2 protein chains.
Amino acid sequence: MAKTKRATTLVLRFMAFGATLAATIVMATSHQTVDVFATIFSAKYTVSPAFKYFVIANAIVSAYGLLVPFIPAESKLWRSVFALDMVFTMLLISSFSAALAIAYVGKKGNAQAGWFAICGQVPVFCDHVTGALIASVIGFIIYMSLLLHTIHTVLNPLLVGGLG
Amino acid sequence: MAKTKRATTLVLRFMAFGATLAATIVMATSHQTVDVFATIFSAKYTVSPAFKYFVIANAIVSAYGLLVPFIPAESKLWRSVFALDMVFTMLLISSFSAALAIAYVGKKGNAQAGWFAICGQVPVFCDHVTGALIASVIGFIIYMSLLLHTIHTVLNPLLVGGLG
């Protein structure tokens, strides 16, 4: 039973690793250069600090996700894994939210602020960004499931009266 | 000792409640109408979906923060408080990140995308947004401290081998 649980967790961790790695790569390789009214417009992730943050955050979480399964089962490092999982999941949702906010303006524009949608000009770039956002949110959902599952099964019995 | 800890936690929870409530109110009341080149430009939080999300998220976390201290000490609801704290802290950092990403474009613009900074035209609005972001991040830091403190003191001894 414990062995099945460990194997399931391991599979989920590798899936989360794959999702955040895909998000990093797809966003980092997003690039499209177009000629708009005789002006060269080059769209890539570095045009926005939010997209840069997204790439860095997903790269960090990928590195973490790759390393964790190699911690020996009896290592004291496992004491920190729950806290680290939580912190990196926060990093993931934070970078996702920032990138989504900017991607939304890129897609829809913002009439009041006078910011025009740019996805009509650079559709390939926008498709990459969309793909990266989807991959990242899959990674987030997996980490969130791991966290809530751990709380539910391992930690809950201890918590009554411990937080007041 | 347990009583002091409980009192400290309660004070921190009320501070976090105050911070998220302040963030909600300051963002929701941000409003400035200016006349730019004979065009009336009205800036308020509803111009951006990210700012709307920020107001809703901070209002939800405020309501939660107000209710939690009134849960009776022996209630079984405390079993869920750690998980709820975590989920609402994620909501907080997510809405903060989205709003910050948009506020940054408002402040600095984005030359490549052709999005102009608007804070020069509506400085009062931008000051409100900045204040709301600061209040919200204070709320986030308090909740994060509560979470990490709980993990450190209550939960850690259980975790070795429990997450593999």
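Predicted model: local features only at pLDDT ≥ 70, side-chain atom pairs only at ≥ 80, totals over all residues.
1. Residues are numbered from 1 along each chain as its sequence is written.

2. UniProt, in an unreviewed entry, places "domain: Casparian strip membrane protein" at residues 5-141 of chain A. Such annotations may be inferred rather than shown by experiment, and UniProt positions follow the numbering used here, with feature names shortened. The span is 68% helix and 9% strand, and its end C-alpha atoms lie 18 Å apart. Helices (H or I, at least four residues) and strands (E, at least two) are DSSP runs, numbered from the N terminus.

3. The unreviewed UniProt entry also places "transmembrane region" at residues 12-30, 50-70, 82-105 and 129-148 of chain A. Residues 82-105 of chain A are 100% helix, with end C-alpha atoms 35 Å apart. Residues 129-148 of chain A are 100% helix too, with ends 28 Å apart by C-alpha.

4. Helix α3 of chain A covers residues 78-108. Its 31 residues should span 45 Å at 1.5 Å a residue, and the end C-alpha atoms are 44 Å apart, which agrees. The expected span is 1.5 Å times one less than the number of residues. α3(A) is mostly covered, with 22 of its 31 residues buried (under 20% relative accessible area, 1.4 Å probe, protein chains only). G109(A) follows α3(A) and has a positive phi, near 70 degrees.

5. Chain A superposes on chain B by a rotation of 180 degrees with 0.0 Å of shift along its axis (RMSD 0.0 Å). The two copies are thus related as by a two-fold rotation axis. The superposition is by least squares on C-alpha atoms of residues with pLDDT of at least 70 in both.

6. The copies meet through the same surface, because 100% of the interface residues of chain A are also interface residues in chain B. Contact means heavy atoms within 4.5 Å.

Definitions and conventions: Chains lettered and ligands numbered in written order. Heavy atoms only, no water. Buried < 20%, exposed > 50% of the residue type's maximum accessible area, 1.4 Å probe, protein only.
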